[in-house]
Amino acid sequence: MGCYMSKKERREPGFEDPAIIASETAFTVNEVEALHELYKKMSSSVVDDGYIQKEDFVFALFRNGNKQNLFADRIFDLFDAKRNGKIDFGEFVRALSIFHPRTPEAEKIACAFRLYDLRNTGYIEHEELEEMVLALLNESNLNLSEDIVKGIVDKTFNEADINGDGRIDLEEWKEYAAKNPSLLKNMTLPYLMDITLAFPSFVMNSETDVSKWQPKNELINTLPVNKQS
C-alpha cells in the first residue's frame with residue numbers, strides 16, 4: 001500500500017482511508033495520498049492540530065491569517081461540509097474534487113449555487129448576489145462604480161429569475177448556466193487531472209512549500225459573475 005497508510009503517526013483526527021475517499025471523488029488513491037502532503041502543510045501553517053482551521057485556510061489563500069472577509073468565509077464554508085468550523089482531510093479532498101475535470105457539470109453548478117446562497121435558504125437573493133459580486137471585485141482589486149455593480153446584478157437576475165419572484169432557485173440557476181456556459185469555465189482546474197504530476201514533491205514525501213499552491217486566484221475565478229460587456 002502507499003506511504004499514506006504505512007505510517008501510523010499520519011492518522012490525524014478525522015482520518016479516512018484514502019481508498020474510500022478515492023471511491024467517492026474524482027481522484028485516484030495515489031492522488032489522494034499526494035494531496036495529504038498538501039493537507040498536512042496547510043493544517044499546520046497557523047494552528048497545528050491536524051485540522052485546517054479558518055486561520056490556516058485564510059493564510060493559505062491570502063498569506064495573512066488575520067484577513068477576514070465574505071469571500072474567504074464562503075470558500076471556507078464550501079470546504080467545511082460538516083459545519084464545525086474546521087476542515088478534515090476528507091472534507092478537503094471532496095471539496096477539491098468539485099473542481100476536477102472529470103467531475104460532472106451538475107455538481108459544479110450546484111457548488112456555484114451554494115457559494116451565492118449566503119444564508120443557506122435554497123435561493124440566491126438579490127442582496128446575496130450583490131454582496132458576493134462586491135467581495136469578488138474586492139479580492140480582484142477591481143473598483144467599479146455602484147451603477148456598474150447594480151447593472152451586473154440586475155442583468156443576472158433579469159436572465160436567471162425566470163418566474164420573477166425576486167430570487168433564483170437551483171432549477172433556474174441550472175437553466176441560466178446552460179445558457180451561459182462561461183459561467184462554469186473556472187469551476188474546473190486542469191492541474192487536478194494529475195496531482196502526482198502537478199505536485200511531484202508530494203509523492204516524494206519531501207518538504208512541500210504551501211506557497212506554491214495558491215488557490216486564491218483560481219477560487220476567485222470560480223465565482224461566476226456575469227459581467228456586462
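## Phe-71 and the basis of the model

Phe-71 is found in helix 5, where helices (H or I, at least four residues) and strands (E, at least two) are DSSP runs numbered from the N terminus. With a relative accessible area of 0%, Phe-71 is buried; buried means under 20% relative accessible area, exposed over 50%, and partly exposed in between, with a 1.4 Å probe and protein chains only. The C-alpha atoms of Phe-71 and Leu-137 are separated by 9.9 Å, although the two residues are 66 residues apart along the chain.

The model is predicted: local features need pLDDT of at least 70, side-chain atom pairs count only at pLDDT 80 or more, and totals for chains, interfaces and linings use all residues. Residues are numbered from 1 along each chain as its sequence is written, and side-chain values use heavy atoms, with hydrogens and water left out.

## Overall composition

The secondary structure of the protein chain comes to 13 helices and four strands. Of its 229 residues, 47% count as buried. Contact means heavy atoms within 4.5 Å. Among contacts between residues at least 6 apart in sequence, 62% join residues at least 24 apart.

## Helix 5 against helix 8

Two packed helices are described by the angle between their axes and the distance between the axes. Helix 5 (residues 70-79) packs on helix 8 (residues 126-139) at an angle of about 105°, and the axes are 8 Å apart. That angle makes helix 5 roughly perpendicular to helix 8. Axes are lines fitted to C-alpha atoms, for helices over the stretch in contact, and angles run from 0 to 180 degrees between N-to-C directions. Angles under 35 degrees count as roughly parallel, over 145 as roughly antiparallel, 65 to 115 as roughly perpendicular and the rest as oblique.

On the helix 5 side, Leu-70, Phe-71 and Arg-74 take part, meeting Glu-131, Met-132, Ala-135 and Glu-139 in helix 8. The residues of this contact divide into four nonpolar, no polar and three charged. In this classification Ala, Val, Leu, Ile, Met, Phe, Trp, Tyr, Cys and Pro count as nonpolar, Asp, Glu, Lys and Arg as charged, and the others, Gly among them, as polar.

Helix 8 has 14 residues and reaches 20 Å from its first C-alpha to its last, close to the 20 Å expected at 1.5 Å a residue. The expected span is 1.5 Å times one less than the number of residues. The buried residues of helix 8 are Glu-128, Leu-129, Met-132, Val-133, Ala-135, Leu-136, Leu-137 and Glu-139.

## Helix 7 against helix 10

Helix 7 (residues 105-116) and helix 10 (residues 170-179) pack at an angle of about 120°, with their axes 10 Å apart. The two helices are therefore oblique to each other. Helix 7 passes helix 10 in a right-handed crossing; a crossing is left-handed if the near helix is turned anticlockwise from the far one by less than a right angle, and right-handed if clockwise.

From helix 7, Ile-109, Ala-110, Ala-112, Phe-113 and Tyr-116 meet Leu-170, Trp-173, Lys-174 and Ala-177 in helix 10. By class, this contact has eight nonpolar, no polar and one charged residues. Helix 7 has twelve residues and reaches 17 Å between its first and last C-alpha, close to the 16 Å expected at 1.5 Å a residue. Its buried residues are Lys-108, Ile-109, Cys-111, Ala-112, Phe-113, Leu-115 and Tyr-116.

## Helix 9

The 15 residues of helix 9 (residues 146-160) should span 21 Å at 1.5 Å a residue, and the end C-alpha atoms are 21 Å apart, which agrees. In helix 9, Val-149, Gly-151, Ile-152, Val-153, Thr-156, Phe-157 and Ala-160 are buried. What covers these buried residues includes strand 3, helix 8, strand 4 (167-169) and helix 10.

## Arg-94

Arg-94 is found in helix 6 (residues 89-97) and is partly exposed, with a relative accessible area of 27%. Arg-94 touches Glu-16, Ile-21, Glu-24 and Thr-25, not counting residues up to four places away in sequence. Arg-94 and Ala-22 are 72 residues apart in sequence and 9.0 Å apart in space, C-alpha to C-alpha.

## Residues with positive phi

Most residues other than glycine have a negative phi, and most peptide bonds are trans. Arg-83 has a positive phi, near 55°; it lies in the loop between helix 5 and strand 2 (86-87) and, at 49% relative accessibility, counts as partly exposed.

Asn-120 also has a positive phi, near 55°. Asn-120 is placed in the loop between helix 7 and strand 3 (123-125) and is exposed, with a relative accessible area of 54%. Helix 8 is followed by Asn-141, whose phi is positive, near 55°.
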